[in-house]
Amino acid sequence: MEIIRIPVLADNYIFLMLDLDRKIAAVVDPAEAAPVLVELARHQVKLVAIFNTHHHGDHVGGNKELMVVFPDVCVYGGVEDRGRIPGQQVYLADGDRVQFGDQIGEVLFIPGHTRAHIAYYFPPVEINVPGELFCGDTIFAGGCGRLFEGTPAQMVGSMTKLRQLPDNTRIWCAHEYTLGNLKFAITVDPDNQELQQRLVDVTDARSNLIPTVPTFLGIEKRTNPFLRWDVAALQSSVASNDAIETFARIRGRKDQF
Ligand code: ZN
Ligand code: FE
């Protein structure tokens with residue numbers, strides 16, 4: 001499976017999964033249709049699936065137009081998003097499976113950013129190949145989504161689920177927010193040497209307009225404060241010894257940053 005990243009709007013990424021043998025594609029969170037249609041034509045593939053992670057406009061904005069061009073496309077989303085995702089046909093719950101070509105994806109229910117948010121995880125199909133996680137606005141490189149409809153406890157539960165995946169899992173998050181996230185991260189985890197280096201590397205990458213997505217779960221576990229609510233340095237930096245309180249305080253500071 002090949003994955004293509006399409007930058008759209010101010011800082012969104014749309015992801016296109018390609019199966020060139022079968023000449024089919026699936027799209028994750030099509031904010032817009034036009035740039036997706038360009039890539040589909042370029043690769044001469046037919047769109048068979050739209051995988052939505054949540055209902056926000058910058059993730060579903062292209063659904064209807066893609067359905068017009070590809071009337072057989074199947075539109076997936078979370079069961080709790082019923083009524084909020086344009087064209088939704090399949091209502092997914094935690095543990096459900098989706099298929100694309102010969103790939104089987106697992107659905108993870110990860111509320112927090114919204115109450116209905118899901119992720120799609122495609123486990124490795126062979127040894128030494130990474131799994132692929134499409135997590136919408138939940139984990140970002142160096143950060144996490146705002147809590148629009150969920151509580152800190154829910155988000156910690158969702159992050160706990162994601163944190164159990166293998167370290168080499170590739171994380172396809174839906175926004176290029178990495179540099180801003182790391183500038184905040186260093187304020188709550190200033191002595192983390194790997195984070196210091198990452199901030200240098202990402203500053204350099206972004207000054208050359210190089211994308212920082214996908215990221216890997218391993219480096220997120222070591223440098224992303226929103227996966228480190230149980231690390232002593234983070235807890236002392238926000239003066240708490242409670243995991244959920246630590247997460248909530250870090251999220252609160254980021255909201256003000
Ligand atoms: Zn969102
Ligand atoms: Fe978004």
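Two strands count as paired if DSSP finds at least two bridges between them. Strands (E, at least two residues) and helices (H or I, at least four) are DSSP runs, numbered from the N terminus. The structure is a predicted model, in which local features need pLDDT of at least 70, side-chain atom pairs count only at pLDDT 80 or more, and totals for chains, interfaces and linings use all residues. Residues are numbered from 1 along each chain as its sequence is written, chains are lettered from A and ligands numbered from 1 in the order in which they are written, and side-chain values use heavy atoms, without hydrogens and water.

An open sheet is formed by 6 strands. Their order is β7-β8-β9-β10-β13-β14, and the pairing is mixed. β7 (97-100) and β14 (215-216) stand at the edges. Each has a single partner strand, so one side of each lacks a neighbour in the sheet. β10 and β13 run parallel and are joined by 4 bridges. Here E132 has R170 of β13 as its bridge partner. Strand β13 (residues 170-173) also pairs with β14, in the antiparallel sense, over 2 bridges. R170 has F216 of β14 as its bridge partner.

Two metal ions were then examined. Donors are N, O and S atoms within 2.8 Å of the metal (3.2 Å for Na, K and Ca); water is not among the atoms, so sites may look incomplete. H54 lies in the loop between β4 (46-51) and α2, and D137 in the loop between β10 (132-136) and β11 (139-140), so the pair ties together parts that are 83 residues apart in sequence.

The iron ion (ligand 2) is coordinated by D58 (OD), H59 (NE2), D137 (OD) and H175 (NE2), at 2.1 to 2.3 Å. Their spacing along the chain is D-H-x77-D-x37-H. D137 bridges the zinc ion (ligand 1) and the iron ion (ligand 2), which lie 3.2 Å apart.

Four donors count as tetrahedral if all angles lie between 85 and 135 degrees; four count as square planar and six as octahedral if opposite donors are over 155 degrees apart and all others between 65 and 115; anything else is irregular. The iron ion (ligand 2) is irregular because its 4 donor atoms subtend angles of 83 to 167°.

Buried means under 20% relative accessible area, exposed over 50%, and partly exposed in between (1.4 Å probe, protein chains only). H54 counts as buried because its relative accessibility is 0%. H59 is buried at 0%. D137 is buried at 4%.
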